[in-house]
Amino acid sequence: MSRYILQRLLGMLAVMFVVVTIVFIIVRIAPGDPAAVMLGPDATAQDVASLRARLGLDRPLIVQYGIFFGQLLRGDLGESIFLNRPVLTALAERAEPTFFLTLFSILIAGLIAIPVGILSAYWRGSLFDQVATTLAMLAASVPSFWLGLLLIQFFAVRLGLFPVSGYGGPGAGLFTRLSHLVLPALSLGIVSSALILRFTRASMLDVLNDDYVRTARSKGMGEVRVVMKHAFKNALIPVLTVIGLTAALLVSGAVVTETVFGLPGVGNLVVSAVLRRDYPVIQGALLIVAALYVLINFLIDMLYLLVDPRVRY
Amino acid sequence: MRIREALLSGLAIVVSGPVLAQTGGVINVATIGEPPTLDPMVSTADLVGIVTQHFFETLFTFDKDWKVTPLLAASLPEVTDGGKVYTIKLRDGVTFHDGSDMTSDDVVASLKRWMDQASRGKQVAANVDKLEAVDPSTVRITLKTPYAPLLALLSFNNSAAVIMPSEKMDVPMKDPVGTGPYKLKERKPDQYIQLVRNEAYKPLDGAGNGYGGARKPILDEIRFVPVPDPNTRVEGAISGQFDYVDSIPVESYDRIKNIQTSKPVILKPFGWPVFVMNTKQGVMANTDARMAVRLSLSMEDMLAAAFGNPEFYSLDGAMYPKGYVWNTDAGVEGRYNVADPDKAKALLKKASYGGAPLRILTSRQYEFHYKMAQVAAEYLKQAGFTVDLQVVDWATLTQRRGDPALWDIYITHSPFLPEPALIGQLSESSPGWWSSPARKKAVDAFNTESDAAKRPALWAEVQKVIYDETPSIKIGDFNALSAQSPKLEGVVPAPWPYFWNVSVKK
């Protein structure tokens, strides 16, 4: 077990190294220039060249990589070109909205998808199942930005229940900040619920016909207990996997949703950094996101141990 | 007696106007995004100027008629030695946000930083012989040759010659300390930029006059909130979340014109879209080929595709619209909105055009650029061009246009700049690299003439050469649409919206 964990941790480091290197190369060979963006539309080529030199972007790529990697080994992700602060600080500032957005979205998605998925499988082929499956397909097909705009129009503009955009002004308390997350979380939760619902339904269908479910029923056990204790618990592994992957995706930044709702989260930071070519932020953010992704996958694997006693590493 | 008193008090209110307006109020201003920097010297981006003009100030600025007017300077400069020596008296009692007094040493240090760091400052630096503090409240600039755009460059709010304390000259800027009516309190990138009233600010006497005159910090706070999605900005205006919403799509005009929470702010005219030609290399290095592009295009169709509603654009070949002193028809006749493929074909034949792809660089960051490019491409194909429309993001465009081997036309736009010499395409070093004896003769004559009365005629010569040689093509005039809460009073439509002299109706 400990050997397995050590192997996984070493593997995670290798993945991170590859990610860091690929990201470093891609952002630099992609067209665009942070100096040109910062200086604005009327800057001359000479101005751009002199700012590039000041930022160290005129050095050979290998030298820039060496500097970047040296910083990384010291735990320093560098300084943002545009934000006037270290990348780690910029990321830490974005952690709160992204964390809560992820949490709320997953909660909403889970609360919709798991009960409906279970009932859909239980009443397979019924009207309920058909409606649920159709709605799931619809939710999966709806672009989240479009759904976001619809929610804004109805709940924020027409009913005035929630703010349209942003994450609260100076001095806004936690409750005010979280109120800005309701609509984006609803938008993401609805879209994410489709996949979880389909996985829950499919997985439940697999186990509902298994012998142990029939045995439980023949023992005279109540249907709720059969479904929840025997069937659902065994159907949980693929559902957990898809919830974990959805959470990992959301932690890495619900890029479009954060942009539509003007949320200062990780996704928004990455989009702005890509548009401005803020290399240190792109590198740092993707490094952290990759680390979270790998970590969440690792944690899901560990969770299998709890859910299914047959799993051994 | 009572009637007389009432009349007098009424008169006092009329005369003093906003002076008596009570201070107070917090407003939220939705902007198109996060400014790339808060150093207004470094960037020419409009967004940087919009935010920083509230806490940084220049020696001069522009009044409502786009005439240069003093701001930190006590008066317009004394210009001697045939337009080569500018002696600038500074206002007394101006303090920085850190409490220190503004002196000529601060002004000299700031102007040196400007000439070193700002692209517009560098334009000036080449022509500056000496910059010195004559006494604590006087600065003297000695030029090598007369240079008429100097005052306009010192007045502009982006790539701006802002005045900062001499001990705050760090590059990059660490601590934004200015003299303006508002102070920077907090910046949370992509969340808000919070400005608070500068209690020590002493406005000029009288009323506001464009960017000049009295700048009264009536509001307690101004919060600039980046809202990058244009549709969300519209919804933010309609819901009343934002008190002012900058730059919204013209399609939203009908939605906001009849509601109670917001009303449209139209700046008419705001600016001009422009096709800039690569005169240095490739297909557009040939003057006849450039003229073929000009004669092949229907500006009317391009503007209609770009802006839809005719209330938001107008056909106008003159580089400056009516109402500006620079408005002239010189060179325009028969060369604007022609859409004549036969004439274009004849010119292409004369230019020995062999079918090489005409690479048009555009971006969807500004959707109207892209729409114009699509229409232009069809007209150009009709005229016989092989068109290669390259749609890239704005950062890529700004990089690629610096390399003459990569493009033939790029699309951009500009507000109507108060001084024509500030138009980027007139400079030989600006992407497009327009350089010809006729350009030099006309532009030099315009730039060195310090008699304001003679300059419009000289600008007409420049415009004529632009039409003769076509280094760029102006497509027309367009208006800008923003939205404001009906509770806001004192908002003046402006290319770089400002919120001093603005109050919230109680």
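1. A residue is classed as buried if 20 or more other C-beta atoms lie within 10 Å of its own, as exposed if 12 or fewer do, and as partly exposed in between, the C-beta atoms being placed from the backbone. Leu245(A), with 15 C-beta neighbours inside 10 Å, therefore counts as partly exposed. Leu245(A) belongs to helix H11 (residues 223-251) of chain A.

2. The model is predicted: local features need pLDDT of at least 70 and side-chain atom pairs count only at pLDDT 80 or more, whereas totals for chains, interfaces and linings use all residues. Residues are numbered from 1 along each chain as its sequence is written, and chains are lettered from A and ligands numbered from 1 in the order in which they are written.

3. Chain A has 14 helices and zero strands; helices (H or I, at least four residues) and strands (E, at least two) are DSSP runs, numbered from the N terminus. The C-alpha trace of chain A spans about 80 × 60 × 35 Å along its principal axes. Of the 313 residues in chain A, 40% are buried. Among contacts in chain A with a separation of 6 or more, 72% come from residues 24 or more positions apart; two residues are in contact if their C-beta atoms, placed from the backbone, lie within 7 Å.

4. Which helices of chain A each supply at least two residues of the side that touches chain B? The interface brings 44 residues of chain A into contact with 44 residues of chain B. Helices H2 (34-39), H3 (45-54), H5 (87-122), H7 (144-158), H12 (255-260) and H13 (266-276) of chain A each supply at least two residues of that side of chain A. By class, the side of chain A that touches chain B has 25 nonpolar, 13 polar and six charged residues. Here Ala, Val, Leu, Ile, Met, Phe, Trp, Tyr, Cys and Pro count as nonpolar, Asp, Glu, Lys and Arg as charged, and the others, Gly among them, as polar.

5. The axes of H5(A) and H13(A) come within 8 Å and cross at roughly 135 degrees. Axes are lines fitted to C-alpha atoms, for helices over the stretch in contact, and angles run from 0 to 180 degrees between N-to-C directions. H5(A) and H13(A) are therefore oblique to each other; angles under 35 degrees count as roughly parallel, over 145 as roughly antiparallel, 65 to 115 as roughly perpendicular and the rest as oblique. Ala90(A), Leu91(A), Arg94(A) and Thr98(A) of H5(A) make the contact with Val266(A), Gly267(A) and Leu269(A) of H13(A). The contact of H5(A) with H13(A) has four nonpolar, two polar and one charged residues.

6. In chain B, helix H13 (residues 437-448) and helix H14 (residues 455-469) pack at an angle of about 160 degrees, with their axes 8 Å apart. H13(B) and H14(B) are therefore roughly antiparallel to each other. The residues of the contact of H13(B) with H14(B) divide into nine nonpolar, no polar and five charged. Those in H13(B) include Ala442(B) and Phe446(B), and those in H14(B) include Trp459(B) and Val462(B).

7. Chain B has an open sheet of four strands in the order S4-S5-S7-S6, with antiparallel pairing; two strands pair if DSSP finds at least two bridges between them. Strand S4 (78-80) and strand S6 (128-135) of chain B are the edge strands, each pairing on one side only. The twist averages 15 degrees from one strand to the next. Helix H3 (residues 104-117) of chain B packs on the sheet, touching S6 and strand S7 (138-143) of chain B, and its direction makes about 160 degrees with that of S6(B). S4(B) and strand S5 (residues 85-89) of chain B pair in the antiparallel sense over three bridges, with Glu78(B) opposite Thr87(B) in S5(B).

8. Strands S8 (residues 182-188) and S9 (residues 192-197) of chain B run antiparallel and are joined by six bridges. Lys183(B) has Val196(B) in S9(B) as its bridge partner. S8(B) and S9(B) form a hairpin with three residues between them, and Asp190(B) in the turn has a positive phi of about 65 degrees.
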